[in-house]
Every structure is written in structure tokens, then in C-alpha cells.
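I opened my notebook to look up a few local features. These are my entries, in the order I made them.

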Amino acid sequence: MMKELHSRGETADDIAECLKKTPVHPRIAAAIKAAHAFGCDLRILSDANQFFIEKILEYHDLLGCFSKIYTNPTFVDEEGRLRIFPYHDSTLSPHGCSLCPSNLCKGQVLNNIQASAPESERQNFIYLGDGSGDYCPTLKLGDKDYVMPRKNYPLWNCIFSDRAFVKAEVREWSNGEELEGILLHLINRISSERSIL
């Protein structure tokens, strides 16, 4: 697609300008900023790409809220064309997950994040998602974690087609207001539980 856009004279700057029109619900933006201010380690795990995500977050003044973005890498080549590459190079080492596309296994990335946490610190994960690609990492969450699927979207459908496979506590949401309320409630709940320990 990027090659086709480039052949029509569209530059990476044109694409970046178009990405400014991508809406972010104001309550979701407020929830991100509140979670960041509270000290949560926010990360993005997405099957989109680095260029799109960073440009959208920059425009909405949210990029600094995230400590890391795991997605398909990008660069602008010498001709000014945006190039997008897979997160996992399947020609070198296929990830072997039947639930995920060949370019990115979100479950594998989540396993790496979980393994990198210091053993002395108990980590609680709150995973937000809506796509079918979010099901694999949902299955990696434990019983002290939370998953927030968007109601009536593919992740929600996967979870509720057989709830027995998901160990994490499920908190569904439908709109920005619900997402904000549930997320901030869970952050406060986790914080309170830690202060009791």
C-alpha cells in the first residue's frame, strides 16, 4: 500500500498529515494521561506500525506517556517512501503461534515483557484490546491480571466463546467513558492492594 501511495506522489509527510485526522476519544486520552501520572508503565503492543502510532500519539500529545511501543518497524527510504517491516522476521525465525499473524505474535512479546520484570516486584498487568490478535496475549495473563476487551469486538467474542481459557479478570467496555472509569478503578484497586501487603 505504501508503494502504491508513493507511486501516486504521496510522501511520508502527506501520510503524517493525514494521520492527524485520526480521532482519539477525549476520555481515553484523559485515562492514558491519568494512568501515566499515577506512575503506571504504559506500553503499546500493536499490529499497526511505528510511524502511524508515533505520529498519532505525537499529535494528541500522548507519545511521552508510553515507555515502549512494540509494533512493526518503519523507516522512510532515500526516495521518501514509507517502508514497513514485520516485527518478527518469519524468514529467520517464525514465531510458531497459530493464533497470530506471521508478522507479530503479541503473546510472545507479552511473555518477554513478563520475563523482564524484576522477580522481587509483583507485576499486575491490565491489557486493553479489541482485535482477534489480542486473544493470544490474553491467554498469557494470570489470575492477578486484568483484560479489558471492547464489547462486541473480536477479542470480546474470543473470550466469551469459551471463558474457561482466560485466567485474568475480564472487564468489558463499550466507549471512552467506560474505558476511563474501569481503567482508573483497576489502577486504584491494584494500588490499594499493594499498600496493604
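Predicted model: local features only at pLDDT ≥ 70, side-chain atom pairs only at ≥ 80, totals over all residues.

Entry one: a pair of residues. I looked up V147 and found that its bridge partner in β7 is V170.

Entry three: the whole sheet. I traced three strands in the order β5-β6-β7. The sheet is open, and its pairing is parallel. In general, strands of a sheet pair through backbone hydrogen bonds. Which strands stand at the edges? I found β5 (126–129) and β7 (169–170) there. Each has a single partner strand, so one side of each is left without a neighbour in the sheet.

Entry four: a helix on the sheet. I looked at α7, residues 154–161, and saw that this helix packs on the sheet. Helix α7 touches β5, β6 and β7. I wrote down an angle of about 125 degrees between the directions of α7 and β6.

N152 sits between β6 and α7. Its phi is near 65 degrees, a positive value in a residue other than glycine. Most residues other than glycine have a negative phi, and that made me stop here. Is N152 buried or exposed? I read a relative accessible area of 53%, and the cut-off for exposed is over 50%, so N152 is exposed.

D61 has a phi near 55 degrees. I placed D61 in the loop between α4 (50–59) and β2 (66–72). D61 counts as exposed because its relative accessibility is 58%.

Notes: Residues numbered from 1 in each chain as written. Heavy atoms only, no water. Pairing = 2+ DSSP bridges. Helix = DSSP H or I, 4+ residues; strand = E, 2+ residues; numbered from the N terminus. Contact = heavy atoms within 4.5 Å. Axes fitted to C-alpha atoms, helices over the stretch in contact; angles between N-to-C directions. Buried < 20%, exposed > 50% of the residue type's maximum accessible area, 1.4 Å probe, protein only.
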